[in-house]
Amino acid sequence: MAQVEKRGGLLRKSSASKKPLKEKVVLMYDEIFMTEDPSKCSPRFWEELFLMKVNLEYLEGKLESLDGEELMKIKDNINCLFQHCIQALGEEHPIRVVNALQTLCALIRGVHQKNKSTSGFDIINMLMGFDKAELCMKNLMESLDSLLCAEGSESLKSLCLKLLLCLVTVTDNISQNTILEYVMINSIFEAILQILSHPPSRREHGYDAVVLLALLVNYRKYESVNPYIVKLSIVDDEATLNGMGLVIAQALSEYNRQYKDKEEEHQSGFFSALTNMVGSMFIADAHEKISVQTNEAILLALYEAVHLNRNFITVLAQSHPEMGLVTTPVGPVPATPATPLGTTPPSSDVISSVELPLDADVQTSNLLITFLKYSSIVMQDTKDEHRLHSGKLCLIILTCIAEDQYANAFLHDDNMNFRVNLHRMPMRHRKKAADKNLPCRPLVCAVLDLMVEFIVTHMMKEFPMDLYVRCIQVVHKLLCYQKKCRVRLHYTWRELWSALINLLKFLMSNETVLLAKHNIFTLALMIVNLFNMFITYGDTFLPTPSSYDELYYEIIRMHQSFDNLYSMVLRLSTNAGQWKEAASKVTHALVNIRAIINHFNPKIESYAAVNHISQLSEEQVLEVVRANYDTLTLKLQDGLDQYERYSEQHKEAAFFKELVRSISTNVRRNLAFHTLSQEVLLKEFSTIS
């Protein structure tokens, strides 16, 4: 008997020369693509169609092959198919429902794909007809809502979410997707919340639900009232918010795990041996090769939750004990996503095991720790556009956290100490820190460590000015809280001061190159004002009097850098160039730093001369400093502890529009409707009562 091949909806005998036979479902599709009503000749046409296994490829391909005029000729049949799909969603037979859902996906994608070309017909009219669109979409959304909230098949729920993601992402710019007006009117918000609050459904569908919500929140968010924004901002149910936090934590943890695996693979591999042999000459190249695709979709969901819902802030510190245990996954862990935004969800098997223990004793983790570890990875390399976007979004999220009173309360809480193992960029001049030596500290120390790490590692030709500004703003906002609440944080402030002074030195040594692209005086002013903050209010928040002495020691020790900065800004502020005003602000801001240098330097030189010491030790300098505070005069500077609060609409709208466009494209590209084979479905439905 000749072997039968199946390809593109055709059944072909490989040894025969006869015309290939078509599958019945393909013949039925062909009837729909005729101008006649297919149910005229066979009254049970629509009933039979939804018992047939869907051929997505053929249906989408057929729609795309027709030009606009040909498609308009069969508009009535397309409308009819769309309506019968919606009717089939109410059927008791689950196979009909599955086939209807898959057919709807193919229809929506096929018609939208067609609209991208030169034809320009209206999609809503093509799919449903203007006169019936409102009722059609109302029935569709109600059916999807019922399926998502019912206690029935998980496969059906999965397909419902995939259909909704398909509906939302068919256009790159979701705000131009007119069909979403009906999704706004007929909300499925409560259904999404139900999935997130119910552990079994959250494990199966949490990822798709969270990504769907993040996208819906971004539909025309600046032009009109978006009900999903309003509803998300007032959610206060603990189980729902924790469920959402858990889904985000799992996805970020999966990324962290993949990165750690790749890092270990590199360290034990041939490349590591080669690097050791030739020294650290190629250390940057070695780092660049450890690349796991970023996940902006889940990061956007975290941002929207933190930005819109004040109750979600509590979730950041919520312990996830089930994430602290490492178990062996039942199924294969997903490989690195093939597309740039990693929109593939982590496998459900990994859901309780993705967070690696932070030390040998396995300590409890939380969403904030997982997020900080994620940020420490993606912020290492900002040369790649997706990582740059990810790094920027991480800093925006940290900005929102640093402004929140409650978030600051738990960040600075002495009773909530954690050992946070941040990833550090390999650099020639420093050794890799031993993870086990990390102390347990309040979480704000990890945030400050992350900011210091960023400052130290991104002084390069392609200078990420925007990220540096955000980084300094985060530090400033944390200091404002510490000053306001008189929180004496035991932190190695010297590392921050040293990083800031090195950044000033970098700005000065690259003045010409950087000024061609950036206003470096904005950043210089922010850095100088951080020092002014420590000088003016340090006695209220630095941990000990000796910490305040060390601040003065560091300023005096590095006085040459501040003198050079003063010379540079004075030169530019006395010229009539474009930087006159910006440079003069820095000149005025340096008044107290210069007063400290000019007051103590002569006294240190005098002390050295009297005692016949060529080079003073740190302790001797500190002795001079302590003895001469009384005669130091400083000017009171206003507004050091004030800042402009974060505002998305006025400053970040363009960034988020571009980000959402990128996420939408990748979610669409990653949507897989072939994951549910007919055999799997039949097996599942045979057990449904």
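How many aromatic pairs does a search of the whole structure find? The search turns up 22, where rings of Phe, Tyr and Trp (its six-membered ring) pair if their centres lie within 6.5 Å, with planes under 30 degrees apart counting as stacked, over 60 as edge-to-face and the rest as tilted. In one of them, the rings of Tyr303 and Phe656 are stacked, because their centres are 4.6 Å apart and their planes sit at 25°. This pair links distant parts of the chain, 353 residues apart: Tyr303 is in helix H17 (residues 296-308) and Phe656 in helix H33 (residues 653-670). Tyr303 is buried, at 0% relative accessible area, and Phe656 is buried too, at 1%; buried means under 20% relative accessible area, exposed over 50% and partly exposed in between (1.4 Å probe, protein chains only).

The rings of Trp493 and Phe534 make an edge-to-face pair, with centres 5.3 Å apart and planes at 65°. Trp493 lies in helix H24 (residues 493-509) and Phe534 in helix H26 (residues 520-541), so the pair ties together parts that are 41 residues apart in sequence. Trp493 is buried at 3%, and Phe534 at 0%. Both belong to a cluster that ring pairs build from Tyr491, Trp493, Trp497, Phe534 and Phe541.

A word on the model itself: it is predicted, so local features need pLDDT of at least 70 and side-chain atom pairs count only at pLDDT 80 or more, while totals for chains, interfaces and linings use all residues. Residues are numbered from 1 along each chain as its sequence is written, and side-chain values use heavy atoms, leaving out hydrogens and water.

Zooming out, the protein has 34 helices and five strands; these are DSSP runs numbered from the N terminus, with helices (H or I) of at least four residues and strands (E) of at least two. Of its 689 residues, 56% are buried.

Helix H27 (residues 545-557) holds Pro545 as well as Asp549. Pro545 counts as exposed at 66% relative accessibility, whereas Asp549 counts as buried at 7%. What does the side chain of Asp549 make a polar contact with? The partner is the side chain of Tyr629, at 2.7 Å. (A polar contact is a pair of N or O atoms within 3.5 Å; within protein, one must be able to donate a hydrogen and the other to accept it, and residues adjacent in sequence count only if both atoms are side-chain atoms.)
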